[in-house]
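Hello,

Here is the structure you asked for. My notes on it follow below.

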Amino acid sequence: MSGSGRPGGSTGTPGGSQSDAGVDRLLDDFRALLGPGQRPTVTGLEVESLYRTRGDDRRYELREIEGFGGDFVDFFRPGSLAQLVVTIGDVRGKGIKAAARAIMAKYLVRAMVAVQRWPLPPGEALRDVHNALLSAPHQPDDFVTVCIASIDARSGTVSVATAGHPGPIALRATGVERPLLFGNPAIGVTEDAELQALPSDIIELSPGDAVLFYTDGLSDARDAAGLYYEDARLDQALEELRDRPAAQLLEGLIDDVTTFAGHPPTDDVALVLVRRTGGPASPARARSTRDDESGL
């Protein structure tokens with residue numbers, strides 16, 4: 001590939017530039033399937049995302065399929081004009097296998113929403129995704145972390161469930177808040193094809209509040225001394241950025257990670273920010289809904 005820094009192409013064989021072009025096209029296809037796609041319009045919500053993979057914009061020499069990660073992100077309107085479903089996750093490993101499993105997990109969530117009874121609580125959706133993935137060929141260590149959330153623009157209610165994934169962060173007028181949510185094992189860690197529904201939690205957003213969903217491409221960044229970009233640094237950056245428009249806020253996070261590490265993130269990064277822009281105020285709180293039937 002011209003400008004890739006790999007003489008002779010990725011295969012080291014004659015015609016390697018054609019091989020590189022094929023790899024690039026395949027990587028682009030993966031990005032299109034794993035990334036968020038077109039944002040739905042939901043009145044009362046500002047929605048923004050940032051999705052970057054290894055090798056984007058030719059930042060790195062490594063552009064081979066084997067280096068491609070398994071971060072995925074999705075958001076869609078499930079039918080109601082006031083509802084938004086956000087899915088974000090990460091698959092263990094790199095390469096075609098990880099990308100394929102991530103694509104499967106992403107679109108399984110959409111399938112669950114489409115064919116199951118409505119509404120479907122996020123914890124039930126995670127159970128069904130878990131059971132479906134375990135029925136597909138996999139290795140014991142092929143686990144997937146997922147966060148599923150449903151956001152009601154009218155009430156500001158965010159119903160959320162996580163499986164081994166970092167919990168969302170709330171950005172309020174009073175500061176940055178990490179709601180105390182139930183922590184569930186990553187999908188695939190428990191070899192049980194009859195997993196029970198996972199608990200869902202509720203986060204209430206007042207007008208002007210926002211919620212950030214992210215993958216560990218942020219927290220796994222390390223500086224020259226090998227120190228990780230920890231939660232405290234992320235929270236501090238969010239405190240400084242929380243009043244910016246959503247797109248600028250997400251770019252500001254990447255800039256802060258780059259400043260910390262001395263280079264852009266070397267792992268995949270997926271970010272979604274949803275800000276409530278209107279509607280009646282709701283109490284700023286988080287609560288468990290294990291016995292609550294409110295869902296997606």
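Partly exposed here means a relative accessible area between the buried limit, under 20%, and the exposed limit, over 50%. Glu-251, at 34% relative accessibility, is therefore partly exposed. Please keep in mind that this is a predicted model.

Salt bridges

The count comes to 13 salt bridges. In one of them, the side chains of Arg-52 and Glu-251 meet at 3.0 Å, N to O. Arg-52 belongs to strand 1 (residues 45-52) and Glu-251 to helix 5 (residues 246-261), so this pair ties together parts 199 residues apart in sequence. Arg-52 is partly exposed too, with a relative accessible area of 21%.

Asp-74 pairs with Arg-110 in another salt bridge, with 2.7 Å between the closest N and O atoms. This pair links strand 2 (residues 72-76), which holds Asp-74, to helix 2, which holds Arg-110, 36 residues apart. Asp-74 is buried at 2% relative accessibility, whereas Arg-110 is partly exposed at 34%.

Core

The largest nonpolar core has 51 residues, and Leu-84, Ile-151, Phe-213 and Val-274 are those with the most contacts inside it. Helix 2 (residues 96-115) gives the most to this core, with 9 residues. Apart from it lies another core of 24 residues, including Leu-50 and Ile-254.

Ser-150

Leu-84 is in contact with Ser-150, among others. Ser-150 lies in strand 4 (residues 144-152) and is buried, with a relative accessible area of 2%. The side chain of Ser-150 makes a polar contact with that of Gln-83 (2.8 Å).

Regards

Key
Residues numbered from 1 in each chain as written. Predicted model: local features only at pLDDT ≥ 70, side-chain atom pairs only at ≥ 80, totals over all residues. Heavy atoms only, no water. Helix = DSSP H or I, 4+ residues; strand = E, 2+ residues; numbered from the N terminus. Buried < 20%, exposed > 50% of the residue type's maximum accessible area, 1.4 Å probe, protein only. Polar contact = N/O pair within 3.5 Å; in protein donor to acceptor, adjacent residues only side chain to side chain. Core = buried A, V, L, I, M, F, W, Y, C linked by side-chain atoms within 4.5 Å. Contact = heavy atoms within 4.5 Å. Salt bridge = Lys/Arg side-chain N within 4 Å of Asp/Glu carboxyl O. Lists of a residue's contacts leave out its neighbours within four places in sequence.
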